[in-house]
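User: Got a chain here that I'd like to go through. Can you walk me through it?

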Amino acid sequence: MIEPQRQLPGVIEEQEETTSTEILLDPRIELEAERIAEALVFASAQPVSEGYIASRLPRGANVPRIMMRLKSIYAERGVNLVQVADHWAFRTAADLSFVVQTDENEVRKLSRAALEVLSIIAYHQPVTRAEIEDIRGVQTSKGTLDVLMEAGWIRFRGRRRTPGRPVTFGTTRDFLDHFGLEELRDLPGLEELKGAGLLAGRIPSSFQIPVPLGDDGIGEDEDPITQLDLEELGLLAPSGGDGE
């Protein structure tokens, strides 16, 4: 005779009529999981992934639900819990940022060209250098791209499956974090840009702001960046051939 499987401590059995595979935790364990998640994010200087949080919580903990509950708790506090893609971080409330600013903080100022290139990459990614230049109508210097790379706001996404296999650019999670965006779809649209005075009064009727795809995955017309690609782009030292 097969012995029935024992119930795990702190796990509430699901009702027979439900088809959900979600494990319901004891409220005390759920609260402890919430405290652990809060501590993990608080202790990290960088946004923490949901995968990492899940690996530290009791089995069956619903990480998205826990994080959204914490987010609501901190919504009116001096620090907010913010989502950056599938990562989480504590950040000073936007309306209090002036309080913590000091003269020692380095203000990162971008040239007009760098801002234009960053905007094009953000809204049109994945995009190649040639496509950036076609949109701007002028050549883009390598220095401009280097500045954005060093800031950690753009990255090489892949290589386009076209003659010459040009590199495609996209934004990074640090870009989202710096500008207070949860995902690319949170980028301002046409009406928001007009309301902020960032667009001229006379806009052609055919002018449209592209809607970002919000997908960091490799597209159907892209190949992933390999180590050989990075060496070719000068980002890695040559492997030097076969080892011993």
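What follows is a short exchange on a predicted model.

User: How many helices and strands are in the chain?
Analyst: The chain has 10 helices and 9 strands.

User: And what percentage of the residues count as buried?
Analyst: Of its 244 residues, 30% count as buried.

User: Which residues have the most contacts inside the largest nonpolar core?
Analyst: They are Leu118, Ile121, Ile132, Leu148, Ile154, Phe175 and Leu187, in a core of 23 residues.

User: Which helices each supply at least two residues of this core?
Analyst: Helix H5 (112–124), helix H7 (142–151) and helix H8 (173–178) do. The largest share, 7 residues, comes from H5.

User: What about another core, apart from it?
Analyst: There is one of 17 residues, and Leu25, Ala33, Ala61 and Leu70 are among them.

User: Switching topic. Where does Arg155 lie?
Analyst: Arg155 is part of strand E7, which covers residues 154–160.

User: Why does Arg155 count as partly exposed?
Analyst: Because its relative accessibility is 25%, and partly exposed runs between the under 20% of buried and the over 50% of exposed.

User: Which backbone oxygen lies 3.2 Å from a polar atom of its side chain?
Analyst: That of Thr171.

User: And how far is the C-alpha atom of Arg155 from that of Arg173?
Analyst: The two C-alpha atoms are separated by 10.0 Å, with the residues 18 apart along the chain.

Terms used. Residues numbered from 1 in each chain as written. Predicted model: local features only at pLDDT ≥ 70, side-chain atom pairs only at ≥ 80, totals over all residues. Heavy atoms only, no water. Helix = DSSP H or I, 4+ residues; strand = E, 2+ residues; numbered from the N terminus. Buried < 20%, exposed > 50% of the residue type's maximum accessible area, 1.4 Å probe, protein only. Polar contact = N/O pair within 3.5 Å; in protein donor to acceptor, adjacent residues only side chain to side chain. Core = buried A, V, L, I, M, F, W, Y, C linked by side-chain atoms within 4.5 Å.
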